[in-house]
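Hello,

Here is the structure I promised to pass on. My notes follow below it.

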Amino acid sequence: MTSIKPSPHLGQGPRVALRHLHRRDYAEIAALTRESAELHRPWLGVQEPTVEAFERRLERFGRPTHEGFVICLRESGAIVGGVNVNDVLRGSRQCGTLGFTAYAATTGRGYLTEGLGLVIRYAFGPLGLHRLEANIQPGNTRSLALVQRLGFRYEGFSPAFQMIDGEWRDHERWALVSGNVRPTVPEGGAAGRR
């Protein structure tokens, strides 16, 4: 009798798979971050992908209040995006806050839409969350369109919400509750992409 190896993936779509972030991902993510500096700069600020910063990130994801994921191509395993579920609250709230990033070499292909859909299903399934929030700067039209495609609803405006590059930045708050999840993105990319 042959044994079947369990998949290291937490979920799979037509083109991408979801798994937890690992220490072995450092070199690939550091290279992607450097290549994507201009894409990320207005929204994430200047980030130097040092080993120390990566280790702090892994330490944070080792806590029950944070989860770190990578979105990989199913065929090659190449990383095409990253998603965090931060500040997880349990008890009567059962919620978390999303952070996500695409990389310059593969942006605009729908990989993040598909991968974030996998994170949503994982968060509302095995993680047992009821609500996810995304806080996005008003000028970040691509991220705003992404959460809208996935069914998030606008809930309000938060002035001076987060410090980025030494400046307090305004954000819009978007949320999704477990009963309002849209169907999986069909094969071939993001539905309704403009």
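Arginine 15 counts as partly exposed, because its relative accessibility is 22%. The cut-offs, with a 1.4 Å probe and protein chains only, are under 20% relative accessible area for buried, over 50% for exposed, and partly exposed in between. Glutamate 114 counts as buried, at 4% relative accessibility. Arginine 15 and glutamate 114 form a salt bridge, with the closest N and O atoms 3.2 Å apart. Arginine 15 sits in the loop between β1 (11–12) and β2, and glutamate 114 in helix α4, so the pair ties together parts that are 99 residues apart in sequence. A salt bridge here is a side-chain nitrogen of Lys or Arg within 4 Å of a carboxyl oxygen of Asp or Glu. Helices (H or I, at least four residues) and strands (E, at least two) are DSSP runs, numbered from the N terminus.

Some ground rules. This is a predicted model: local features need pLDDT of at least 70, side-chain atom pairs count only at pLDDT 80 or more, and totals for chains, interfaces and linings use all residues. Residues are numbered from 1 along each chain as its sequence is written, and side-chain values use heavy atoms, leaving out hydrogens and water.

Back to the charges. The count comes to eight salt bridges. Arg131, Glu133, Glu155 and Arg173 are linked in a network of them. Arginine 131 pairs with glutamate 133, the closest N and O atoms being 3.1 Å apart. Both arginine 131 and glutamate 133 are buried. Arginine 131 also pairs with glutamate 155, where the closest N and O atoms are 2.3 Å apart. Glutamate 155 lies in strand β7 (residues 153–164) and arginine 131 in strand β6, so this pair ties together parts 24 residues apart in sequence. Arginine 131 has a relative accessible area of 19%. Glutamate 155 is partly exposed, at 31% relative accessibility.

Now the nonpolar side. A nonpolar core is a set of buried Ala, Val, Leu, Ile, Met, Phe, Trp, Tyr and Cys residues joined through side-chain atoms within 4.5 Å. The largest has 32 residues, and Leu98, Phe100, Leu132 and Phe152 have the most contacts inside it. Elements that each supply at least two residues of this core include β5 (95–102), α4 (111–124) and β6 (131–136). Helix α4 gives the most, with nine residues. Apart from this core lies another, of 10 residues, among them Leu21, Leu58, Cys72 and Ile79.

Leucine 98 is worth a look on screen. Beyond its neighbours within four places in sequence, leucine 98 has contacts (heavy atoms within 4.5 Å) that include Val83, Leu116, Leu132 and Phe152.

Best wishes
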